[in-house]
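Let's take a friendly walk through a protein model. Have a look at the picture first, and then we will go through its parts together.

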Amino acid sequence: MLAVCATPIGNLEDVTLRVLRVLDEVDFILCEDTRHTAGLLNRHGIQARLISYHEHNEAKRVAELLPRLRAGESFALVSDAGLPGISDPGARLIGAALEARVPMTVLPGPSSVETALVASGLVGERYQFVGYLPRGERALAELWEELSRWQWPVVAFDSPQRLPRTLRSLAAALPSRPVAVCRELTKRFEETVRGTAEEVAERFAEPPKGEIVLVLGTGEAPRAGDPIALDAVTELVAAGVSRRRAADLVARLTGASRNALYRRTL
């Protein structure tokens, strides 16, 4: 059997009794960082045999472990935090186990996505999770334009080193969009900073410490295709303002995408 187990995203007490029981019963535990997982096991008095399973050896491990699963050995799959397979290694082994008809179960538990969404106060009837944000400026701008048309909250992961640049890019595209930066969730120095994209970008001018989850609320401002925003750009251009400058001014006032305003008034 393969048991996919959710583990704490910070506080080591945030683990279910069922997960602890299974971790104590299986033959082996597959984990990203054996030292990290050993800390969790020691905290709860569990002795187990650990096997490293991470993005750099995932293909090799699947080839090694699948025959053993078929032969009747039991494995628990964990990541350093949260549920394996979501922005963490595990999807390949899960897919292989399902294809081979190996019995598999998923043990739910802590989720930084849902924890951040609730902590942000920006919950809607639905939400979109976009994983880790892209690194490039152009890719970020394209993502903001896409999300400007999405009428529900959005949750994303980002690194603390890239967060200031990410927020500057977001503030340039959607300055009035409600935003929450959730840092070090469930840990000692947990912090949630809320405000508009411009306000939060000013707050994080320098990289913070810790794990980051970013939540974007719903936008109340006009979309880039809104006639009022487009007409405003057109009128400014007619008055002698450069198109790029006009798109920037209207975007800052309305929250519409600057790049989209520029392209749609060419």
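## A term to start with

A crossover is called right-handed if, with the strands pointing away from the viewer, the path from the first strand over the helix to the second runs clockwise. Helices (H or I, at least four residues) and strands (E, at least two) are DSSP runs, numbered from the N terminus. Strand β6, helix α6 (residues 137-148) and strand β7 form such a right-handed β-α-β unit.

## About the model

This is a predicted model, in which local features need pLDDT of at least 70 and side-chain atom pairs count only at pLDDT 80 or more, while totals for chains, interfaces and linings use all residues. Residues are numbered from 1 along each chain as its sequence is written, and side-chain values use heavy atoms, with hydrogens and water left out.

The protein has 11 helices and 10 strands. Along the principal axes, its C-alpha atoms fill a box of roughly 75 × 40 × 30 Å. Of its 266 residues, 45% are buried, where buried means under 20% relative accessible area, exposed over 50%, and partly exposed in between (1.4 Å probe, protein chains only). Contact means heavy atoms within 4.5 Å; among contacts between residues at least 6 apart in sequence, 71% join residues at least 24 apart.

## The sheet

In what order do the five strands of the open sheet come? The order is β6-β7-β10-β8-β9, with mixed pairing; two strands pair if DSSP finds at least two bridges between them. At the edges are β6 and β9, each of which pairs on one side only. On average, neighbouring strands are turned by 15° against each other, direction ignored.

Helix α5 (residues 112-120) packs on this sheet and touches β6, β7, β8, β9 and β10 (212-216). The direction of α5 makes about 55° with that of β10. Axes here are lines fitted to C-alpha atoms, for helices over the stretch in contact, and angles run from 0 to 180 degrees between N-to-C directions.

Now zoom in on β6 (residues 128-132) and β7 (residues 154-158), which run parallel and are joined by three bridges. Gln128 has Val154 as its bridge partner in β7, and Phe129 stands opposite Val155.

## Helices side by side

The axes of α6 and α7 (residues 163-173) come within 10 Å and cross at roughly 45°. The two helices are therefore oblique to each other: angles under 35 degrees count as roughly parallel, over 145 as roughly antiparallel, 65 to 115 as roughly perpendicular and the rest as oblique. Residues making the contact include Leu140 and Trp144 of α6 and Arg165 and Leu170 of α7.

Helices α9 (residues 227-238) and α10 (residues 243-254) pack at an angle of about 140°, with axes 9 Å apart, which makes α9 oblique to α10. Among the residues in contact are Ala232 and Leu236 of α9 and Ala246 and Val250 of α10.

## A residue in a loop

Is Arg188 buried or exposed? Arg188 counts as exposed because its relative accessibility is 77%. You can find Arg188 in the loop between β8 (178-183) and β9 (191-196). Arg188 and Gly10 are 178 residues apart in sequence, and their C-alpha atoms are 8.8 Å apart in space.
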